[in-house]
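Thanks for coming. Please have the sequence and the structure open while I talk.

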Amino acid sequence: MENSEKTEVVLLACGSFNPITNMHLRLFELAKDYMNGTGKYRVIKGVISPVGDAYKKKGLISAHHRVIMAELATKNSEWVEVDTWESLQKDWVETLKVLRHYQEKLEASSCDHQQDSPRLERPGRKRKWAEQRQDFSQKELLEPKTKDVPKVKLLCGADLLESFGVPNLWKSEDITRIVGDYGLICITRAGNDAEKFIYESDTLWKHRNNIHLVNEWITNDISSTKIRRALRRGQSIRYLVPDLVREYIEKHDLYSPESEERNVGVVLAPLQKNTAEANS
Amino acid sequence: MKSRIPVVLLACGSFNPITNMHLRLFEVARDHLHQTGMYKVIGGIISPVNDNYRKKDLVAAHHRVAMARLALQTSDWIRVDPWESEQAQWMETVKVLRHHHSELLRSLPQTEGPDHGRAHSLAPTAVPELKLLCGADILKTFQTPNLWKEAHIQEIVEKFGMVCVSRTGHNPKEYISGSAILQRYQHNIHLVREPVQNELSSTYIRRALSQGQSVKYLLPDAVITYIKEHNLYTGDSSKDSTQRNETSW
């Protein structure tokens, strides 16, 4: 398939990134190889969107630090970057809204692009042609050519997929829109469990063509929880997180028994919000 | 307060190529020995195996040494030693241990005083120990017939000692209890749990590379760059800069 026929994809990963680890970064690499390998997609960008502090997860340190660590981690990546919009919001933001926000951002910059680039060589005729094109593209704004705008897809591990089953964690309408309008790329070791989970959900089953399961054959179990535990115990985290991230953590003494106690006793934001709405 | 025994960790292996997992072995082993309160790890050595080991897909030693060197650029306590790889023949692990141990003793500062200039003038607690660092899977290979000489296994666990880092699918305690020699010297075999389960292996890396897949974040960037520059592990050995290009018709 020609490159021009492939759907351009942006992989968006939401999460605490508390802290970011080499495993998070691997998810992007595995997903890109897989999607590009299907021959139908071309992954053009990866985006890390750290959750805002209002999420109130236990042990969650300030978004400011988590964003900086993610930026340090992606400093020498050619295609993965950090988006701070979600982390800057005062209230917690549903994942669906983050996807929507990013998709709209892509559409907006795609329209600007079309207006800015008339493809004519002869300088004399350039202005006239550009004016014509401008009229034309304003018409196009009313009927956007969705094929040309890259598609945002949610990148995650199997834990997120299976969290769809936790009561009140996700709104069912949100799940439907996430898999229906956007799509999911889920990196998993236990492919069979993930397939079973999809099979047992009518919503997921309906949109199963939009859910890509990518098998990670080797266990690479570098969870942020283990990193924080190792730090509290004075153990080395070298080679589990990028060196710049490790140095930043050490310099700012970010993780301690005290930091792990943050938000203890506080209800996680989505649970609070969805339970309140259900009761209202 | 009794002073800690200084220890140097020696890891032998193909390192074909070196990965983050190999580097983790050192970090995890050091933490473990320190937390026993009895040891102080003063150095780490990576000793890539000689080309004459003739393992399948083994790229030239000079590449494997160069890659290890690049991987260790940011480490302040681990270094690569090419001695084993530069010998004319493949040599048994115990000989590598003996060599590095005598090198270690020779490099110690001589004390002043009536006995100065003679190694045995050092207080016993200051004499560093050289321990073999490996994955727990190596303990299992002791059972493979004809792979190791019995006398060597004994010397390794008796004279030197081992630090074995657990690996998925291996139960090191079982391997120890299944061998009389290992049982006898089990106090000298330190079993270390690696809480971060990691099945990363050089085999996996080579396969991913030959299939054109990304290995970023599994080994240091500098090593990945080296592999690409020298066309290693492409799965097509005629492109490998290890060998001279030969016309094949």
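Just after helix H11 of chain A, Asp253(A) takes a positive phi of about 45°. Helices here are DSSP runs of H or I with at least four residues, strands are DSSP runs of E with at least two, and both are numbered from the N terminus. What you see is a predicted model, in which local features need pLDDT of at least 70, side-chain atom pairs count only at pLDDT 80 or more, and totals for chains, interfaces and linings use all residues. Residues are numbered from 1 along each chain as its sequence is written, chains are lettered from A and ligands numbered from 1 in the order in which they are written, and side-chain values use heavy atoms, with hydrogens and water left out.

Back to the helix. H11(A) covers residues 243-252, and Val245(A), Arg246(A), Tyr248(A) and Ile249(A) are buried in it. Buried means under 20% relative accessible area, exposed means over 50%, and partly exposed lies in between, with a 1.4 Å probe and protein chains only. As a rule, an α-helix has 3.6 residues a turn, so residues three or four places apart point the same way. On the other side of H11(A), Glu250(A) and Lys251(A) are exposed. What covers the buried residues includes helices H2 (63-73) and H10 (224-232) of chain A.

Next, strands in chain A. Strand E4, residues 151-157, has 6 of its 7 residues buried, so it is largely enclosed by the rest of the structure. Strand E1 (residues 7-15) runs parallel to E4(A), joined by 4 bridges; two strands pair if DSSP finds at least two bridges between them. Val9(A) has Lys151(A) in E4(A) as its bridge partner. E4(A) also pairs in the parallel sense with strand E5 (residues 184-188), over 4 bridges. There, Cys156(A) has Cys186(A) as its bridge partner.

Now chain B. Ser202(B) lies in helix H9, residues 202-210. Is Ser202(B) buried or exposed? Buried, with a relative accessible area of 12%. Not counting residues up to four places away in sequence, Ser202(B) touches Asn16(B), Pro17(B), Thr19(B) and His22(B). Contact means heavy atoms within 4.5 Å.

Last, confidence. The model scores ipTM 0.84 and pTM 0.85. Chain B has a mean pLDDT of 88, with 87% of its residues at 70 or more; pLDDT is the predictor's confidence in each residue, from 0 to 100.
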